[in-house]
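Have a look at the model first, then work through the points.

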Amino acid sequence: MRNQPIGNRLPRSEAYLGIIKNHLIIHARSGVVPELLQKSTCAKMVDDKEKSPLPGQDLNASDGHPSQTPGTAGKLGPCKTAIDVVSKTDETVLRLKKFLSTPSGVDSALSTIGYSSHILHHLLDSSPLTAVRTRIRFFLLQRLGGKLPAPKLSASSSARPPLLVLSSLISETRYTLRLFELVSIWAWGSSVYKSPPKDRTLKAIAYVEVLSIFLYQALENVSYLASKEIAWQTLVKRTGGTAKWSLWSVRAWFVYILLQFVRLYRDAALFSRQEEENKKRRAEQVSAGEKSVSESEQEENETRRLAIRAWRKKLVNNLAWGTLCAHWSVEGGVGVPVYLNGFISLLAGIWGTYDSWQATASA
């Protein structure tokens, strides 16, 4: 028997496979499959034989049996969702890192958070929302069978609201960071002196802008350090106090804002002149038989679009800051409500913040 040729043993092997197959079918119908048969090599051979395609059968054709076991899709769904969430979070964090890698990005982030907290505080503290919160609270207490407690006057009630504390903290942080801003202003003035604008009007505006913004930052630094009792307390007290120094600091900033409006007007005039020259040049090219639309013209159109967008962004920024500077430059203000300060300040820089954040996607 042991030395029997292989060819004579094949029919018996097929018989064994048939017996095992029938045995598996009986146990499968009864709902119990022996563990030994599940792990046996013969059982695997039966499964492979069942799964082997018939002659002419398409391997990719659907035979009504799913390729995945029941419950696999349900298990992969949450896992895939978790992977997508982690991937999206990683992408956002890396973009945030790029956004905060520059001083202007850090200042934009701080200002956005500070002004938003100021807006949110005054929005929640407004009369309509306060009335809605009171009604909801009274309704819930009635449903729960409780009584509306009388307002308590305690020491904690006189504390500043958390959102205003956050706004104040961020404001002081930005004051501290701006102590080093004189270095950047000096570098800006140096570049303007070495490479001034070709237009004489813009050249004069640039020189006065550098001087005004330098005075603004210097006066602010002295006032801030004196208010913290770090330096120049005696000088500040003899010359009107920190409020006076802050007032003149804002006035110097207001001069810079006014000069920005003059610059925008001059830029618009030069831009219009350049547009007329470009139209004449295109007309000459068309008359000479050249194509009216070319790659260079498309590039000019894109440059024109970006220039107009940048001009409008500066206009919005200076309109917002000009309103606040006019209010802060006068003792007692000019009538801008306190609850609008955060909104106008956020409006001044939100366009630039949006552009900076969008730039991180392509960086």
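1. Let's start with the rings: the structure holds five aromatic pairs. Rings of Phe, Tyr and Trp (its six-membered ring) pair if their centres lie within 6.5 Å; planes under 30 degrees apart count as stacked, over 60 as edge-to-face and the rest as tilted. One of the pairs is Phe-99 with Trp-357: the centres are 5.9 Å apart and the planes sit at 70°, so this one is edge-to-face. Phe-99 is in helix H4 (residues 72–99) and Trp-357 in helix H13 (residues 341–362), so the pair links distant parts of the chain, 258 residues apart. Helices here (H or I, at least four residues) are DSSP runs, numbered from the N terminus.

2. A quick word on where this comes from. This is a predicted model, in which local features need pLDDT of at least 70 and side-chain atom pairs count only at pLDDT 80 or more, while totals for chains, interfaces and linings use all residues. Residues are numbered from 1 along each chain as its sequence is written, and side-chain values use heavy atoms, with hydrogens and water left out.

3. Are the two partners buried or exposed? Buried means under 20% relative accessible area, exposed over 50%, partly exposed in between (1.4 Å probe, protein chains only). Phe-99, with 7%, is buried, whereas Trp-357, at 26%, is partly exposed.

4. Now try Tyr-216 and Trp-253, whose ring centres are 5.4 Å apart with planes at 35°, so that pair is tilted. Tyr-216 belongs to helix H9 (residues 200–227) and Trp-253 to helix H11 (residues 241–287), so parts 37 residues apart in sequence get tied together.

5. On to charges. There are 12 salt bridges, each being a side-chain nitrogen of Lys or Arg within 4 Å of a carboxyl oxygen of Asp or Glu. Arg-174 makes one with Asp-107, with the closest N and O atoms 2.9 Å apart. Arg-174 is in helix H7 (residues 162–177) and Asp-107 in helix H5 (residues 103–124), 67 residues apart. Arg-174 is buried at 13% relative accessibility; Asp-107, at 28%, is partly exposed.

6. Asp-199 and Arg-266 also meet in a salt bridge (2.7 Å, N to O). Finally, Arg-309, Lys-313 and Asp-355 are linked in a salt-bridge network.

Note on methods:
Helices (H or I, at least four residues) and strands (E, at least two) are DSSP runs, numbered from the N terminus.
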